[in-house]
Amino acid sequence: SMTETTQPMSTFEKIAFLKQSDFFESLPLEELMEIASTTKEEFHHPEDLVVVENTTGDKMYFVVRGELRVVVGDNQQVAVLKESQAFGEQALLEEDVRSASVIASEEVHLLSLDRESLHRILRRHSSIALAMLRVLSNRLRSAQHT
C-alpha cells in the first residue's frame, strides 16, 4: 500500500531501524540520532534503477522495505537485497565507481546517506568507522570462503 510507504519516518523510527543494521547496532543513541537525522528517505518503483554500475557513487543505502536485485554486466543477477540490508557503502568509502547496478524488484523504501554526511559523521565518531570496518572485513572474509 503506497499510503503506508509514503508516510515519512520519524527520527525515532529511523533510529530503531538503523539499530538493526550490523553497521550501527553497537552505537550509542547519540550517534544513532546523528545518523538518523542526516539520512534521507527514498521511494522507488519496480524496475527503477537505484544504483548504476560504473557510475560514481555518492550515497549508501539501507533497505527499509521491499526487495532489490544486484546485477552486473549484461543483467546477470548476483544478489538480492532485502529489508535491513545496506548497500553502496563500498563506492562511498573508496570514492570509486559502482561495481554493480541495483534495481528495485518491487516498491521499495530506502534510507540514503550521502558521502559528505558520512564523512562528517566518521570524523566525529571513530566508533562508527570501526563498526563499518568490522562489517566490511566480515563481508570480505565470507566472500573469500565462497
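Guide: The model is predicted, and the helices in question are α2, which covers residues 11–19, and α3, which covers residues 29–38; they pack at an angle of about 115°, with their axes 9 Å apart. Since angles of 65 to 115 degrees count as roughly perpendicular, α2 and α3 are therefore described as roughly perpendicular to each other. Their crossing is right-handed. On the α2 side the contact is made by T11, K14, I15, L18 and K19, and on the α3 side by L29, L32, M33, I35 and A36. By residue class, this contact of α2 with α3 divides into seven nonpolar residues, one polar and two charged.

Turning to the strands, E42 lies in β1, which spans residues 40–44, and with a relative accessible area of 13% E42 is buried. The side chain of E42 makes a polar contact with the side chain of S112, at 3.1 Å. Apart from neighbours within four places in sequence, E42 is in contact with K59, Y61, V108, H109, L110 and S112.

Two loop residues complete the picture. N54, in the loop between β2 (49–51) and β3 (59–65), has a positive phi of about 70° although N54 is not a glycine, and at 56% relative accessibility N54 counts as exposed. N75, in the loop between β4 (68–72) and β5 (76–81), has a positive phi of about 65°, again without being a glycine, and N75 is exposed, with a relative accessible area of 52%.

Technical notes: Residues numbered from 1 in each chain as written. Predicted model: local features only at pLDDT ≥ 70, side-chain atom pairs only at ≥ 80, totals over all residues. Heavy atoms only, no water. Axes fitted to C-alpha atoms, helices over the stretch in contact; angles between N-to-C directions. Helix = DSSP H or I, 4+ residues; strand = E, 2+ residues; numbered from the N terminus. Parallel < 35°, antiparallel > 145°, perpendicular 65-115°, else oblique. Left-handed = near helix turned anticlockwise from the far one by under 90°. Contact = heavy atoms within 4.5 Å. Nonpolar A, V, L, I, M, F, W, Y, C, P; charged D, E, K, R; others polar. Buried < 20%, exposed > 50% of the residue type's maximum accessible area, 1.4 Å probe, protein only. Polar contact = N/O pair within 3.5 Å; in protein donor to acceptor, adjacent residues only side chain to side chain.
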